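This report describes selected local features of one protein model. Please consult the sequence and the structure shown below while reading.

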Amino acid sequence: MHRIRNLIFLAILFVGAGVMHFVIPRSYAAITPPWVPYPLEAIYLSGIAEIAGGIGLLIPRLRRAAGIGLVALLIAVFPANIHMLSLAVAQDASDLYKTILFLRLPL
């Protein structure tokens, strides 16, 4: 029962994050490293991947592939998380915000 609850939680988390790529794409564009070609398209593509992966977690036949895909996606977007932290440091953001961004990196 706990496993199913955890899968549902993860699915909601990833689908919700994926939807946000379409709701507030400019916010994601602000944290996209400048070396990423076609940043808006990359944002939409990663949003689609998060939605598909989140849904895939709920389908037993697709669960393993969805999990592997989501791990690959998290690795692929890791530079954006580092970039977001470096922007916060450069802009002298609050210590709390920088700490949250730092703690977010291993997640």
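Which residue follows α4, and is its phi positive or negative? The residue is Asp92, and its phi is positive, near 55°. The model is predicted: local features need pLDDT of at least 70 and side-chain atom pairs count only at pLDDT 80 or more, while totals for chains, interfaces and linings use all residues. Residues are numbered from 1 along each chain as its sequence is written, and side-chain values use heavy atoms, with hydrogens and water left out.

**Helix α4**

Helices are DSSP runs (H or I, at least four residues), numbered from the N terminus. Helix α4 covers residues 63–90, 28 residues in total, and reaches 40 Å from its first C-alpha to its last. This span is close to the 40 Å expected at 1.5 Å a residue, where the expected value is 1.5 Å times one less than the number of residues. At Val77, α4 bends by about 40°, and the proline Pro79 follows within four residues. The bend is the angle between axes fitted to the seven residues ending at a position and the seven starting there.

Buried residues of α4 include Arg63, Leu70, Leu73, His83 and Met84; buried means under 20% relative accessible area, exposed over 50%, and partly exposed in between (1.4 Å probe, protein chains only). The buried residues of α4 pack against α1 (2–23), α2 (25–31), α3 (39–57) and α5 (95–104).

Most residues other than glycine have a negative phi.

His21 lies in helix α1 and is buried because its relative accessible area is 7%. Leaving aside neighbours within four places in sequence, His21 is in contact (heavy atoms within 4.5 Å) with Tyr28, Ile43, Tyr44, Ser46, Gly47 and Glu50.

Ile12 is also found in helix α1, but it counts as exposed because its relative accessibility is 59%. Ile12 belongs to a nonpolar surface patch of about 600 Å², together with Ile4, Ile8, Ile55, Leu58, Ile59 and Leu62. Patches are made of residues with over 30% relative accessible area and no salt bridge, with nonpolar side chains (Val, Leu, Ile, Met, Phe, Trp, Tyr) joined within 5 Å and like charges within 9 Å. A salt bridge is a side-chain nitrogen of Lys or Arg within 4 Å of a carboxyl oxygen of Asp or Glu. Helix α1 gives the most to the nonpolar patch, with three residues.

Terms used. Helices (H or I, at least four residues) and strands (E, at least two) are DSSP runs, numbered from the N terminus. Accessible areas come from the Shrake-Rupley method with a 1.4 Å probe; for residues, only the protein chains shown count as cover.
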